[in-house]
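Here is a friendly walk through the model shown below. We will look at confidence, then at one helix, then at charged pairs.

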Amino acid sequence: MDYTNADDVKMALGIDNWRKLRKDHYLQLVAMMPDLDKDVRLAVLEQLPEIQKILVKAMSTVRKVHEATLASDDKSQEYGYQGRREARASIIAQLKSENLDPQTRRHLNDLLVQLSDKDDAKDSEHKRYLDRWMTKTTVGVAAVVVLTGVALGGKVGLQQGPLRKP
């Protein structure tokens, strides 16, 4: 069927108002996009603020989950650091004793170095974790944006070939 204007598209979807567009209509509309003239497609897209709302809501949800995960991870990090700080304070207190034999003193110093190494390892692990999270978040958001763009008209642009002639 030829769709010459946005009203033809509404009629094909069985709605008289864009506010009545439901999820099943979105799927039908996505399927119709390749058949729409560019100007009709743009006119339809201008009437769909819900798409923007969906994207904003998805971004907001991802942000909230990301913030909650980071807060939880920060708490976990702090518990680990606090435990090692307490152990370090205990070792330093023992090292202040003048009665320590050289072997015990060396052992306590080795323990301090091990605690520092654990802090460094945990910090590196934390940075890798954050990097993975940011990568996954970025890929997820980009996928939503790209899929929405393709579903709502990018497919037609791809079918028409490159924008410039080589």
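## How confident is the model?

This is a predicted model, and the average pLDDT of the protein is 78. A score of at least 70 is reached by 80% of the residues. Confidence is highest in helix 1 (residues 6-13), at a mean of 87, and lowest in helix 2, at 74.

Please take some care with residues 155-166, where pLDDT stays under 50. For this stretch the model has 7 contacts beyond four places in sequence. Where pLDDT is low, the predicted coordinates should not be read in detail.

Which residues of helix 2 are buried? In this helix, which covers residues 23-32, they are His25, Tyr26, Leu29 and Met32. These residues lie on the same side of helix 2, because they cover an arc of only 120 degrees around the axis.

If you turn to the face directed away from that buried side, you will find the exposed residues Lys23, Leu27 and Ala31.

The model has 6 salt bridges. One of them joins the side chains of glutamate 78 and arginine 85, with an N to O distance of 2.2 Å.

Another salt bridge pairs lysine 127 with aspartate 123, and here the closest N and O atoms are 3.1 Å apart. These two residues both lie in helix 5, where they are 4 residues apart, or about one turn of the helix. Lysine 127 has a relative accessibility of 52%, so it counts as exposed. Aspartate 123 is at 28% and therefore counts as partly exposed.

## A network and a buried pair

Some salt bridges share partners, and in this way Arg84, Arg88 and Asp119 are joined into one network. Within it, arginine 88 forms a salt bridge with aspartate 119, their closest N and O atoms being 2.9 Å apart. Arginine 88 lies in helix 4 (residues 49-95) and aspartate 119 in helix 5 (residues 102-159), so the pair ties together parts that are 31 residues apart in sequence.

Are arginine 88 and aspartate 119 buried or exposed? Both of these residues are buried.

Notes: Residues numbered from 1 in each chain as written. Heavy atoms only, no water. Buried < 20%, exposed > 50% of the residue type's maximum accessible area, 1.4 Å probe, protein only. Arc of directions from axis to C-beta. Salt bridge = Lys/Arg side-chain N within 4 Å of Asp/Glu carboxyl O. pLDDT = per-residue confidence, 0-100. Contact = heavy atoms within 4.5 Å.
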